[in-house]
Amino acid sequence: MLLTTVKGLVLRETPIGEADKLFDLLTENGVYTVRARGVRKPGSKYAAVTQCFAYGEFCLRRNKDFFYLDSAAPISLFYGIRNHLDALALCTYFSELMRKIATNQPQPQLLRLFLHCLHYLSEQTRPLPQIQAIFELRLVTELGHMPNLLCCTLCGEYLPSHLTLRVTYGDFLCKDCTLHSDVSDFHVKSPVLLAARHIVFSDFEKLFLFKLDEKNLSELCAYSECYVKQTLDVSCQALRFYHSLTADPNLSL
Ligand SMILES: [Zn+2]
């Protein structure tokens, strides 16, 4: 058996047998499924680091296509997420989306994006719709589906005050050039365009450094959600659960 050490984020855990679990680990080299023996026994020292959304260093034994946990050390457990049901639900959606699109090819930027989002969700220093929009728009950009947000496709105007973000065409039209409307069109104002541009173009270090008011943020988020769904052709059950929570604030912890 080969021993290998990787840094990774637990995307999903599934109980198996009496005390074992299987977990999906997002690493810089794709997603591994790992079997961890005995970690559900009371007092297991690897119980926390093999929980959902734990980030750590894992020593794995590889036998053909199977991975087994040898040992692990936590780097960050993002405990803050567990104090807020809506933040936890949003993470669960990110995790489902990631499992649907990640491959076993090296994609270090996906792990980096997810870790940054988890940090801000855990610290509660950004509104949830902002983190959702960043995750979604940057994810599609990293996967090679960046929308064309440079200028109006027809007349070339750089920053119209009113515009239409078009999901189907992955571009935008200024108000003067918008003659027809599609169900996946979003009529927004310039601050939404500036924020969307920031997400797709900015350096990773500056990704979360922008502010939008609540209405514009909600429009940006509706656009990013639709764009991801249509571009990647995915539908996530966890997103419906997240919406059911955020639609009724009394359910939120
Ligand atoms: Zn135009």
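**Helix H2 and its surroundings**

Reply: Start at the end of the helix. Gln 124 follows H2 and has a positive phi, near 60°. The model is predicted.

Now the helix itself. H2 covers residues 108-123, 16 residues in total. From first C-alpha to last it reaches 23 Å, close to the 22 Å expected at 1.5 Å a residue.

Which residues of H2 are buried? They are Leu 110, Leu 111, Leu 113, Phe 114, Cys 117, Leu 118, Tyr 120, Leu 121 and Ser 122. These buried residues pack against E1, E2, helix H1 (85-101) and H3.

Phe 114 gives a local view. Leaving aside neighbours within four places in sequence, Phe 114 is in contact with Leu 9, Leu 26, Phe 94 and Met 98.

Next, the core. In soluble globular proteins, nonpolar side chains tend to be buried together. Here the largest nonpolar core has 69 residues. Phe 114, Cys 117 and Leu 121 are among those with the most contacts inside it, as are Leu 90, Phe 94 and Leu 220. Domain 1 (2-77) and domain 2 (80-251) each give this core at least three residues.

The chain is divided into domain 1 (2-77) and domain 2 (80-251). Their C-alpha centres lie 30 Å apart. Contacts join 12 residues of domain 1 to 16 residues of domain 2. On the domain 1 side, strand E1 (2-16), strand E2 (20-27) and strand E3 (30-36) each supply at least two of the touching residues. By class, that side has six nonpolar, three polar and three charged residues.

For comparison, take helix H4, residues 190-201. Its 12 residues should span 16 Å at 1.5 Å a residue, and its end C-alpha atoms are 16 Å apart, so the two values agree. Val 192, Leu 193, Ala 195, Ala 196 and Ile 199 are the buried residues of H4. Why are they on the same side of H4? Because they cover an arc of only 165° around the axis. An α-helix has 3.6 residues a turn, so residues three or four places apart point the same way.

The buried residues of H4 have partners of their own. They pack against helix H3 (128-142), strand E6 (162-166), strand E7 (171-174), strand E8 (185-189) and helix H5 (214-232).

Key. Residues are numbered from 1 along each chain as its sequence is written. This is a predicted model: local features need pLDDT of at least 70, side-chain atom pairs count only at pLDDT 80 or more; totals for chains, interfaces and linings use all residues. A nonpolar core is a set of buried Ala, Val, Leu, Ile, Met, Phe, Trp, Tyr and Cys residues joined through C-beta atoms within 7 Å. A residue is buried if 20 or more other C-beta atoms lie within 10 Å of its own, exposed if 12 or fewer, and partly exposed in between; C-beta atoms are placed from the backbone. Domain bounds come from an automatic or database domain assignment. Two residues are in contact if their C-beta atoms, placed from the backbone, lie within 7 Å. Helices (H or I, at least four residues) and strands (E, at least two) are DSSP runs, numbered from the N terminus. Ala, Val, Leu, Ile, Met, Phe, Trp, Tyr, Cys and Pro count as nonpolar, Asp, Glu, Lys and Arg as charged, and the others, Gly among them, as polar. The expected span of a helix is 1.5 Å times one less than its number of residues. The arc is that of the directions from the helix axis to the C-beta atoms.
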